Amino acid sequence: MAAAAAGLSWRRVSSFTGPVPRSRHGHRAVAIRELLIIFGGGNEGIADELHVYNTVTNQWFLPAVRGDIPPGCAAHGFVCDGTRILVFGGMVEYGRYSNDLYELQASRWLWKKVKPQAPSNGSPPCPRLGHSFSLYGNKCYLFGGLANESEDSNNNVPRYLNDFYELELQHGSGVVGWSIPVTKGILPSPRESHTAIVYCRKDVGSPKMYIFGGMCGCRLNDLWELDIETMTWSRPETKGTVPLPRSLHTANVIGNKMYVFGGWVPQSAGGEISAPDGEWKCTGSFSYLNLDTTEWIGLISDCQEDKSNLLPGPRAGHCAVAVGTRLYIWSGRDGYRKAWNNQVCCKDLWYLDTERPLAPSQVQLIRATTNSFQLKWDEVPTVEGYLLQLHADSPVPPVAGIPGSGVPETSVLSSQGSGCSLHQSPQSLPSVPYPEMKVDHPSQTNNLIPNNVQVSLSSNSKVEGKEKVASPENKVTQETMKNHADATGFKESNAPSLLPVCTSSAQTSANVGELHDLDKQTVNPDASVSSTVSSTQTMVTQQAVKTESSSTNGAVVKDETSLTTFNSKAEAAETAYVMPSTRVNTGQTNDSHSSRAPQRPPAPVKTRDRRWYDVGIFKNNSAVVSQFYLLPEETLNVNSKKEGADVPDYRLLKKQDLFPGTVYRFRVAAINGCGVGPFSKISEFKTCIPGFPGAPSTVKITKSVDCIHLSWEPPSSPSGNILEYSAYLAIRSTQLQENPSQLVFMRIYCGLKTSCIVTAAQLSNAHVDYTSRPAIVFRISAKNERGYGPATQVRWLQGKVTATHS
């Protein structure tokens, strides 16, 4: 099949929830992020409800609209500008058309009837249906349609239009008025039920509007171009096979392609039929026009359409919406059944991924244990799963005892551009010297896709949308930086580098949110997170910086007043243990840690293990990794999985546990109907060395008149008795001018209590970090008999703050 050859993989949504709208034709739809918003259309009466479909949760719902609710209409203009939708014209009942303009503020589901000014050089648009209504910038472009020449709606005398209007919008809400642009060139012939899209090439900044097909007594397949800057009409020359004449089709732009689906076409494939009563049929044909080269490419021909249940059936008057690079098609009519003399409307919802997905963000660390990682990455829209891979570095060698220097009152954080690992001798690791970490959304699910070799998910198994974080007042974004401190990370000036570097892009998440300014105690749910960095070695990141470096920056303070900073370059050990006769490909990752004690691999190999092993395919953007799968020995010569490569059957593979104190590198790729996309940048994390306390959790901030109250919960894994907690505040320093990425922390509390007071005097000296949104940074860590463990980092959002970086 040509569809298969073209790499098409249509998916029918077979499972959804909520009130499903009745099937129809002549409706219109737009997308706001992951939501499809459908309005109007008809099938035994014109529909007046507004239906919304969440493409992430597969849920239909009827929003509670209010305001100037428009009457039902069909074949109307429907465009989306941010979160507002504009509706113009359409048929409100048989023979009676509208020229009313309505605006829907979708953020509040509020309708408003708007009255634009009439054009200065003519009359406003007359009532019509089947027109095109296209948005570019702050203007909508109205072309053509069908008017009723008779004043009596029962006496329908069609008049095809080719008038052209421009509607100027006000910012945010409301409109200015209509105008009739003066155009050059030959105007397209009158028509209705055509399509119009706007496209602007990246290399040539002039936006173009393209009109294709339509009906004017006979159906058309001509293509027209309007240069919006010069207002010049032209007929571009095209290559390839032009689709059959059609009307009531759809056209959508994704990338540089205009995808044309369905519509009414000639019954015979003999080209254009001029007779109005010619034989016509609905089609399921599918083509695209490359808008950069103006070449037509056929994907599904008319002769294929009824031969497979793997393709959407023939239809016209349907709606098609692009969500990212995915095209959705819903309902429409499939033609007349002459035996019954009625039209049948389709009830199905389909989607097609037109391109491989983009690379996800770097893998981010939420928390590490001795034999597992909890990881997350940013969601990629409209994907069906994620392929996570790792490769292992050398295990950490035994750490010799070096006298400790205690926890300093202040520490300097030194972090190079792409993030860093901090090294220090054992028993001298302060709780706070970790570079900044980025706050991100929490992710609470793992949901491995079990044994799904083809990675084709049914629609009801897609990820359930961004989870709402229940962030009570006074909660703060925590970034718990798992650094079993004393056993890792930092290196004193007189101490040798004992551990391999562990850099990470640990933008992690948990269950708390950043707080806004000092006067507010509400949580910003868009910035909720706790991050953890592994404790055997400081796995840290500079905020918003991707890390693949292997250099380390350490910082210690010799006494309570003086700050001593030093940077040391320490390359990670080049030896790596190779798993016996394995290339690892993991398919299933257990949420619980394996009870089996991992066996050490036989011998180190001089060069790093550069093979990438699959950790598995995950439905959601998070994973708990405690094992990976081993491939047969004959596959060992394959060094990395290429995009779109076959996924092995994980049920046939052996598992391998993670080792304590070992550096692992991770990358992730998204999967959709087109296959596996490109991999993310590499992140590097280390499993913990046992014995150190975990990070404090659930940090809260309460504002009072002259101070704030900082409180936290003890570590969930204290690994013994907690001897004390230390809390630190990032303060202003002249060193920030020399190196803006270098934060200076002052200890503001040390004791057994799980709370402390931060005075106004201390806050007046706080550094406001502007690397993302303005925030004051706190860090809290716990100490047991073994030493200080990971620090929990808190970013307290400050709104509009003017602070001197001194």
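The legends below describe close-up views of a predicted model.

**View 1. F373 and F666 form an edge-to-face aromatic pair.**
The structure holds 27 aromatic pairs, and this view shows the one made by F373 and F666, whose ring centres are 5.5 Å apart and whose planes stand at 85°, so the pair is edge-to-face. Because F373 belongs to strand β31 (residues 373–376) and F666 to strand β48 (residues 662–672), the pair ties together parts that are 293 residues apart in sequence. F373 is buried, with a relative accessible area of 1%, and F666 is also buried, with a relative accessible area of 0%.

**View 2. F373 also pairs with F685.**
Here the ring centres of F373 and F685 are 6.2 Å apart and the planes are at 50°, so the pair is tilted. This pair, too, links distant parts of the chain, since F373 lies in strand β31 and F685 in strand β50 (residues 683–686), 312 residues apart. Both F373 and F685 are buried.

**View 3. A cluster of rings includes W10 and Y259.**
The cluster consists of W10, Y259, F261, F286 and Y288, which are linked to one another through ring pairs.

**View 4. Two arginines, R235 and R667, lie over aromatic rings.**
R235 is placed over the face of W224, at 5.0 Å from the ring centre, while R667 is placed over the face of F679, at 3.9 Å from the ring centre.

**View 5. The largest pocket is lined by 40 residues.**
The space in the largest pocket comes to about 1100 Å³, and of the residues that line this pocket, A196, I197, A251, N252 and A320 lie nearest its centre. The elements that contribute two or more residues to the lining are β2 (28–32), β7 (77–81), β11 (132–136), β15 (195–200), β19 (250–254) and β25 (319–323). Sorted by class, the lining of the largest pocket has 21 nonpolar, 18 polar and one charged residues.

**View 6. Strand β25 pairs with strand β26 in a hairpin.**
Strand β25, one of the elements that give two or more residues to the pocket lining, has four of its five residues buried, so β25 is largely enclosed by the rest of the structure. Five bridges join β25 to strand β26 (residues 326–330), and the two strands run antiparallel, with V321 standing opposite Y328 in β26. Two residues lie between the strands of this hairpin, in which G324 takes a positive phi near 65°.

Notes
Residues are numbered from 1 along each chain as its sequence is written. This is a predicted model: local features need pLDDT of at least 70, side-chain atom pairs count only at pLDDT 80 or more; totals for chains, interfaces and linings use all residues. Side-chain values use heavy atoms; hydrogens and water are left out. Rings of Phe, Tyr and Trp (its six-membered ring) pair if their centres lie within 6.5 Å; planes under 30 degrees apart count as stacked, over 60 as edge-to-face and the rest as tilted. Buried means under 20% relative accessible area, exposed over 50%, partly exposed in between (1.4 Å probe, protein chains only). A charge sits over a ring if NZ of Lys or CZ of Arg is within 6 Å of the ring centre and within 35 degrees of the ring normal. On a 1 Å grid over the protein atoms alone, a cavity is a set of points where a 1.4 Å probe fits but cannot get out, and a pocket is an open set with protein on both sides within 12 Å along at least five of seven lines; lining residues have an atom within 4 Å of a point. Grid points are joined across faces, edges and corners, and a volume is the space filled by probe spheres set on the points. Ala, Val, Leu, Ile, Met, Phe, Trp, Tyr, Cys and Pro count as nonpolar, Asp, Glu, Lys and Arg as charged, and the others, Gly among them, as polar. Two strands pair if DSSP finds at least two bridges between them.
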